[in-house]
Amino acid sequence: MAETAVPAALPPVRPVAAPLSVREILPWAAFLAVMALVVLYFVGAEQGATSLVSGEAVHEWVHDARHLLGFPCH
């Protein structure tokens, strides 16, 4: 009887991620920083003298987030 050769197991091939440069990341980082500041403004300061939107709608939408982040609103 002839013995059949069993191929040796190959090591798993792991994909290698391409390195990112600062030039590629910087626009996204700036965009996320601006969006974070906008969200922080609406959650923390959108009421009273600095209000950009009249009425209580924005305040009511972010009311629980204000308390969660420690901003006083009452």
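1. Arg 66 is buried, at a relative accessible area of 2%. Buried means under 20% relative accessible area, exposed over 50%, and partly exposed in between (1.4 Å probe, protein chains only). Arg 66 sits in helix α3, residues 63–69. Leaving aside residues up to four places away in sequence, Arg 66 touches Phe 42, Val 43, Gly 44, Ala 45, Glu 46, Gln 47, His 59, Phe 71, Pro 72 and Cys 73. Contact here means heavy atoms within 4.5 Å.

2. A word on the basis. This is a predicted model, where local features need pLDDT of at least 70, side-chain atom pairs count only at pLDDT 80 or more, and totals for chains, interfaces and linings use all residues. Residues are numbered from 1 along each chain as its sequence is written, and side-chain values use heavy atoms, with hydrogens and water left out.

3. The overall fold comes next. The protein has three helices and zero strands. Along the sequence the pattern reads α-α-α. Helices (H or I, at least four residues) and strands (E, at least two) are DSSP runs, numbered from the N terminus. Of the 74 residues, 12% are buried. Among contacts between residues at least 6 apart in sequence, 21% join residues at least 24 apart.

4. Now the surface. The protein exposes about 6800 Å², and carbon and sulfur atoms supply 71% of that area. Accessible areas come from the Shrake-Rupley method with a 1.4 Å probe; for residues, only the protein chains shown count as cover.

5. Which residues form a nonpolar patch on the surface? They are Trp 28, Phe 31, Leu 32 and Met 35, with about 470 Å² of accessible area together. Patches take residues with over 30% relative accessible area and no salt bridge; like charges are joined within 9 Å, nonpolar side chains (Val, Leu, Ile, Met, Phe, Trp, Tyr) within 5 Å. A salt bridge is a side-chain nitrogen of Lys or Arg within 4 Å of a carboxyl oxygen of Asp or Glu. Met 35 lies in helix α1, residues 22–44. Met 35 is partly exposed at 38%.

6. The structure holds one aromatic pair. The ring centres of Trp 28 and Phe 31 are 6.4 Å apart and the planes stand at 90°, so the pair is edge-to-face. Rings of Phe, Tyr and Trp (its six-membered ring) pair if their centres lie within 6.5 Å; planes under 30 degrees apart count as stacked, over 60 as edge-to-face and the rest as tilted. Trp 28 is exposed at 59% relative accessibility, while Phe 31 is partly exposed at 44%.
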